[in-house]
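Hi,

Here is the model I promised to send over.

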Amino acid sequence: MNDNQIVLPIGPQHPSLDEPGSFHITLEGEKVINAVIGVGYNHRGLEKACESKNYIQNLYIIERVCGICSHAHSTAYCMAVEELAGVTVPPRAEYIRVIVAELERLHSHLLWLGVACHEIGFDTMFMYSWRDREKVLDVLAAFGGNRVNYGVNTLGGVRRDLDETILELIVKTLDTLEEEIKLFIDIAMTETTLINRLKGVGKLSREDAIHYGAVGPVARAAGIAHDMRVYEPYGAYREIPVNVITDTHADVYGRTLVRMLETQESIRIIRHCLKSIPDGDITMKVPRRIPAGEVIVRVEAPRGEDVHYLRSNGTDILDRIRVRAPTEANWHGMKHMLEGGYLADVPITIAAIDPCYSCTDRAIVVRSQENTNVMDWKQLRHMSVDYYKKQGIDFAACKL
Amino acid sequence: MLLFLEYIFKIFIFPGVLFLSVYSFVLEFTDRKLYARMQSRVGPPWYQPLADFLKLIGKNVIIPADANRFFFSIMPFVSLAAVTAGFMYVPLFGTSAVFSFRGDLIIVLYFLAIPPLAGFLAGWYSRGVYATIGATRILTQMFAYEVPLFISLLAPALIADTWSVSEITAFYAAHPLYTLINLPCALTALIAFQCKLERAPFDSPEAETEVVSGALVEYSGRLLAFFNMAHSCELVLVVSLFAAIYLPFMTGIIWLDFLLYFVKTLFILVFLTLMRASMARVVINRVITFFWTFLSPVALGQIILNLLLRGVLHI
Amino acid sequence: MKHEEHIVKTLCSRFPFLENRVYIQKEKRIFTNPLSADEFKEVIRYAHNEMDFYRSTHVVGTDDGNTLGLLYILANQEEILLALRKSVPKENPVVQSISDLYPSIVLHERELVDLFGVVVIGLPEGPAYPLPDGWPKGNYPMRKDWNPKYFNKSTMQYEPPQTKEEIKNE
């Protein structure tokens, strides 16, 4: 390292990162010479935790792998368990899963647009897109009872049925969103400062995308039609035609366009689902003990291909689960994308793969006016048992 | 003695330090509220800038061990003093400033150059990695906007045939139609001022997502409060100067002119805020290209035009 | 299923030892039984160079009692997954890195090192992943005999019950 070079630490704590990751950027002037990437600050041992709980309890752990694509992870897990147990999910449940998955894609992409615009200092667009994302979250909260961990999936189907009010809310929200998204696409295609900031930044050509095994919007922006909904249709995607959005810019601009156009496609898919959703049951019974076997399931999360490997051993506790989130696959091209660029482009390049380092530790803090207590697992369980006792249901007999 | 008291009043009360700081809070609030409304947010309450200032005043000052203590603690006040001094030479209403002499336009321009330099030195003597990068960016950006800014402020002076801000105002107040000639350089000056104030889209010296907050990253407490105040006072100075040179319309009645001053400055602020809200941050090397290939030629063209007009029209 | 059968056929004709050890689990999923180190090396090299398995999604480590199982999952352009299995003894778990063929595998191999205690030869230098700095040596949390109950978070020490009484109390 010569005198002209300085090492700039971006992370683990930095305003441009929404989760801890470390990037040691060697700069010569404003040019990036070298980048050393460190991840792993958020390892929470979820896979180990899954090996000590039963299948239905694991559902809640798996849903918390990621705060944004929680539904994609729980769908993959449910599909894996259902396949091992030999259970067929009722068609209505599959459609509901798809509707929630596409709503999730909508809010994830709008979230990404906001983050990306904030990284390049375009805060107005950031506020606009997050304002509209809130509408999607309202729908999901009305349906699932929660903004990001909706808890819609269960083994063998879904926990909640779509009723008239929710349907109306979805239709209404989609109509307003469609207008707003048209505006966003228009801005993305015409606003000069925005295009200047995104074009030619974080290049990952088709060959490189293949070499580094990129997935999701990163691969699609390089012209590879990599989409699990088409390659390996699952659930209701077997019946719903999905148009894969690709682009040939192979840079951050391409990734922006792909994500924006995908939101339109998601709206179309949801409308299609609402029109053709069949009537019927929403759950099938899944046995507590799952026969021994192993399975690999792939689901298209908003950020790309989500792979779950599950191995069961015939008991009610699984033997091994391995969750490969999409970011894990897109991580490897990062060094290549950063080097040779400028410091000003580092945050947007990192943000462009929509990295999801993982979410915070699991502890619940109850705030009162005088004191603050942290509850552990047992206290939490007692609290919930008491809560349900008041509602007339006694769970105390259930063994943990 | 009376004259002395009058100067004391003018320097410290009106239109000096007190007015400047109060109006800086007003402008900062207006800017933030407008910006928020443009982003469909609610925005802060009217006392927010004052509350921010008072809160920071009450906080501890932390000076990094490696920093040069003297330069680190003096820079906010250098910046504030320069802005206040520059403000004395700008006529707010009517045509006379507190002080004026032949050539005070150049003095104002030099006073305007001090806050970025103070920012640079503050960043440089903080010895932090982000601060160093932010500081170099401030200097780089200065290199970009300084020349177009000087040229576009000198062009109106050419027609008025004076180097004094007060006299320029007086001249254009007498011949309001001549201001139309200066429209192109009014535009370049507006953009250059935006860049000088380090506001989006030219905010890369303090880009939060890249260099945290640039040169001022190590500042805290009282020192940061005064840096922030210097920054908002700079905004007041800039819009006042712009109003004095490019919008020198007045009625002759003092209280109406005073009101007109607020209307003019708020009008300019709307443009500055609109610019800030509608664009993404421009990368530092593109800032230089933009200023040297677009703004400088336009400003230079204005100078040539004004020279020709002087020759032809015998203004 | 045509593609899958073709792949299995090609593999078996090229490597006679794979006969009856490679099977199609279902559509787009091909698994193998555990391969020895040499067999594995040959097969994966062939799959990468000649058969267009262009990317490796990840490696799954498993604890199979006395051995550690490694499942390398490869994908080709048709998104058919080929899962090559390998098994190493727990006492001496040494494998060769495949990061020369699949550069994207590095992170997953580092994970094997940290979580399963596999020794990966040929792994490029870099920071450990994903366990924190100061993690006690010789603790591999994903092995079945490692119980999070005994891990003291404040001292960062793994303290399993030592005496018989302690074990009994458990």
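Predicted model: local features only at pLDDT ≥ 70, side-chain atom pairs only at ≥ 80, totals over all residues.

Residues are numbered from 1 along each chain as its sequence is written, and chains are lettered from A and ligands numbered from 1 in the order in which they are written.

Back to A and B. Chain A puts 25 residues into that contact and chain B puts in 24. On the chain A side, the elements that give two or more residues are strand S1 (5–10) and helices H4 (91–119), H5 (123–144), H7 (192–198) and H14 (346–352). Helices (H or I, at least four residues) and strands (E, at least two) are DSSP runs, numbered from the N terminus. H5(A) has the largest share of this side, with 5 residues. By class, the side of chain A that touches chain B has 13 nonpolar, 7 polar and 5 charged residues; here Ala, Val, Leu, Ile, Met, Phe, Trp, Tyr, Cys and Pro count as nonpolar, Asp, Glu, Lys and Arg as charged, and the others, Gly among them, as polar.

Now for A and C. Here 24 residues of chain A are in contact with 23 residues of chain C. On the chain A side, two or more residues come from each of helix H1 (46–50), helix H8 (206–211), strand S7 (304–312), strand S8 (320–324) and helix H12 (326–330). That side divides into 9 nonpolar, 7 polar and 8 charged residues. Chains B and C do not touch, and their nearest C-alpha atoms are 23 Å apart.

Chain A itself is divided into domain 1 (46–352) and domain 2 (365–400), with bounds that come from an automatic or database domain assignment. The C-alpha centres of these two domains of chain A lie 32 Å apart.

Chain B has 12 helices and 0 strands. Its radius of gyration (taken over C-alpha atoms) is 20 Å, close to the 20 Å that the globule rule (2.2 Å times the number of residues to the power 0.38) gives for 315 residues, so chain B is as compact as a globular protein of that length. The C-alpha trace of chain B spans about 60 × 50 × 40 Å along its principal axes. Of its 315 residues, 49% count as buried, meaning that 20 or more other C-beta atoms, placed from the backbone, lie within 10 Å of the residue's own.

Chain C has an open, mixed sheet of 5 strands in the order S1-S2-S5-S4-S3, where two strands pair if DSSP finds at least two bridges between them. S1 (22–26) and S3 (55–64) of chain C stand at the edges with a single partner strand each, so one side of each is left without a neighbour in the sheet. S1(C) runs antiparallel to S2 (residues 29–32) of chain C, joined by 4 bridges; C:Val22 has C:Thr32 as its bridge partner in S2(C).

Cheers

Note on methods:
Contact = placed C-beta atoms within 7 Å. Buried ≥ 20, exposed ≤ 12 C-beta atoms within 10 Å, placed from the backbone.
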